[in-house]
Amino acid sequence: MTVATGQCCAPIAREPLSETDAAELAVLLKAVADPVRLRLLSMIGSHSGGEACVCDLTDAFNLTAPTISHHLKVLRTAGLIDCERRGTWVYYWIIPAAVARLGALFTPLAEPATT
């Protein structure tokens with residue numbers, strides 16, 4: 001079976017990634033390849049107001065606060081989220097361009113024609 005790799009296909013299937021793009025995207029993919037981090041990213045992104053306090057995140061997991069902090073740091077280091085300390089709490093939000101870049105890797109430009 002032959003699959004056409006025209007404009008309808010996701011970028012990963014249209015042309016080979018450059019070394020630089022592959023290295024940058026691998027960091028993002030590695031960061032979300034953990035179920036806890038993927039859930040954290042989803043929880044932050046879907047939280048009311050577009051940002052979440054760490055206090056809103058920790059209760060959802062049966063993990064220690066330092067473990068949650070580690071996972072948040074991995075997401076932050078990868079450039080998927082950012083944060084700000086406000087008093088005693090830290091608030092997190094998604095960096096839209098980074099998440100969009102990750103999503104765009106697998107998103108076709110158009111739906112393939114059906115026959």
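**Close-up views of salt bridges and sheet**

**View 1. Arginine 101 is partly exposed, with a relative accessible area of 32%.** Partly exposed denotes the range between buried, under 20% relative accessible area, and exposed, over 50%, computed with a 1.4 Å probe on protein chains only. The model is predicted, so local features need pLDDT of at least 70 and side-chain atom pairs count only at pLDDT 80 or more, whereas totals for chains, interfaces and linings use all residues. Residues are numbered from 1 along each chain as its sequence is written, and side-chain values use heavy atoms, with hydrogens and water left out. The side chain of arginine 101 meets that of glutamate 24 in a salt bridge of 2.9 Å, N to O, the term requiring a side-chain nitrogen of Lys or Arg within 4 Å of a carboxyl oxygen of Asp or Glu. This pair links distant parts of the chain, 77 residues apart, with glutamate 24 in helix H2 (residues 19-32) and arginine 101 in helix H6 (residues 96-104); helices (H or I, at least four residues) and strands (E, at least two) are DSSP runs numbered from the N terminus. Glutamate 24 is partly exposed at 37% relative accessibility, and Asp21, Glu24 and Arg101 are linked in a network of salt bridges.

**View 2. Arginine 86 forms a salt bridge with glutamate 84, the closest N and O atoms being 2.6 Å apart.** The side chain of arginine 86 also meets that of glutamate 51 in a salt bridge (2.6 Å, N to O), which links strand E1, holding glutamate 51, to strand E2, holding arginine 86, across 35 residues. Arginine 86 is partly exposed at 33%, as are glutamate 51 at 24% and glutamate 84 at 39%. The charged end of arginine 86 sits over the ring of tyrosine 91, 4.5 Å from its centre, where the criterion is NZ of Lys or CZ of Arg within 6 Å of the ring centre and within 35 degrees of the ring normal.

**View 3. An open sheet of 3 strands has the order E1-E3-E2, with antiparallel pairing.** Strands E1 (51-53) and E2 (81-86) stand at the edges with a single partner strand each, so one side of each is left without a neighbour in the sheet. Strands count as paired if DSSP finds at least two bridges between them, and 6 bridges join E2 to the antiparallel strand E3 (residues 89-94). Aspartate 82 stands opposite tryptophan 93 in E3.
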